Structure formats: C-alpha cells, structure tokens
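Hi,

Here is the structure I promised to pass on. Have a look at it first, and then read my notes below.

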Amino acid sequence: MRKEWIIGIIAVILLIISIFLGIYVYNMKHTKDSNMLDNIQLAKIYNQNSLQNELISTSSLEERISPNGVIIEKQYFKDCDHIIRNEIPAEENLINCTKEELAKKYSGWDIEEFTSNKVTVYKESEGFCPEHYVIRENNGVLAVYTIDKDGLETLKQETEIQTMYLPPEDIEKFKQGMQVVGSSQLLDVLEDFE
Ligand SMILES: [Zn+2]
C-alpha cells in the first residue's frame, strides 16, 4: 500500500514536470521565433535608416554655394600678360549651385577652386585687359579713355579736373595723352591733379 502511494506520487510529479517542460520548450521555441522576427525587423529598420543616412550624407557631401559665398573671377589677358581679379558676392542665381551647375553657368571658364564659401574661376583671353588707360585733355577737362592692343581708344569718363589750372608741362603731357595701367594707378594720377 505504501509502495503504491510512492509510485503514484512519483508518477504525478513526473507528469507535472513533463507538462512544465513541455510548456517551457514550447515557450522557448516561440520566443526564439519571435526574437528572430524582431531581429529581422530590426535589421530592416536599420538598413532603411542607414540608407536614409547615406542619402542625407551624399546630398550634404555635395558642396553647394552658400548665400555668403564669393566668386573670384581671374581672367588672364595674353597680349598684356595681366591677370584681372574680380571678387564678387555670389548672385542669387548661383546660390545653392553645385560645381556642375556652376560649370554650366560659367562655360568657357575653368573652376580652380570650389567650396561653399569661395569659388575661383579662371579664363584666358586674347587682347589687352580692360585696365589700360589714356588720360587726355578733352574740351578743357581731363578725360579717361581705355585703349586696346591696337591703340584704339574709347572714352570711359570725363573728370571735373580743368586743365587750364594745371602747370604748362602737365597740360602738354595730357595733350599727348598719358598712359596708365591699372585702376588704382589711374585713381592715384587723377587724385594728384584734383
Ligand atoms: Zn593689361
């Protein structure tokens, strides 16, 4: 009688253990599956994110001209061997341009430097640069002419400097025409006679 009781209790315990074991194994398998699913979803999300990040970083890597950007135009003139350097703030139609877009707008120019804040373009041209001047007496005042490589003069501006008050030797010089190269030198000469 006592032996049967013990066998009975052991059988019940074994049954309970096997039930719990069954539940445990089932749960573990299920959890593993759902974990795997989670991992796949996470991987998908991660890939999407990294793809987005890549897209963002490519577009930000591609440099664009900022609203504070400056354009430096360097133009070399073969016949006088001068380089004219013109620094101008980026115009509205150039702001946000990429290097490629700028190249289209500056066809004929080489892009020497391209950053968002500073762009340098370069071009070689025939002839004289536009900073070859002749100061000449014209209708009693000094007038400034530009002169090209063939000696052709074009009136640029008339000044208010009257020649009648100048010393005779200077009057003679301006009758012949005084050649000056460079805008700053032109200003210096004119200031001397003002
Ligand atoms: Zn020149």
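Among contacts in the protein chain between residues at least 6 apart in sequence, what percentage join residues at least 24 apart? It is 50%, where a contact means two C-beta atoms, placed from the backbone, within 7 Å.

Before you go further: this is a predicted model, where local features need pLDDT of at least 70 and side-chain atom pairs count only at pLDDT 80 or more, while totals for chains, interfaces and linings use all residues. Residues are numbered from 1 along each chain as its sequence is written.

Now the overall layout. The protein chain has 4 helices and 8 strands, which are DSSP runs numbered from the N terminus (helices: H or I, at least four residues; strands: E, at least two). Their order from the N terminus is α-β-β-α-β-β-β-β-β-α-β-α. Of the 194 residues, 7% count as buried; that takes 20 or more other C-beta atoms within 10 Å of a residue's own, with 12 or fewer making it exposed and anything in between partly exposed (C-beta atoms are placed from the backbone).

Strand 3 pairs with strand 4 (residues 118-125) in the antiparallel sense over 4 bridges, and Ile111 sits opposite Val121 of strand 4.

Another open sheet of 4 strands runs 7-6-5-8, with antiparallel pairing. Here strand 7 (153-162) and strand 8 (178-181) are at the edges, and the twist averages 30° from one strand to the next. Strand 5 (residues 132-138) and strand 6 (residues 141-147) are joined by 6 bridges, with Val134 partnered by Tyr145. Helix 3 (residues 168-176) packs on this sheet, touching strands 5, 6 and 8, at about 120° to strand 5. Helix 4 (residues 183-193) packs on the sheet as well, touching strands 5, 6, 7 and 8, at about 135° to strand 8.

Last, a look at Arg64, in the loop between helix 1 (2-61) and strand 1 (70-77). Arg64 counts as partly exposed because it has 17 C-beta neighbours inside 10 Å. Cys97 is 33 residues away in sequence, yet 5.2 Å away C-alpha to C-alpha.

Cheers

Notes: Two strands pair if DSSP finds at least two bridges between them. Axes are lines fitted to C-alpha atoms, for helices over the stretch in contact, and angles run from 0 to 180 degrees between N-to-C directions.
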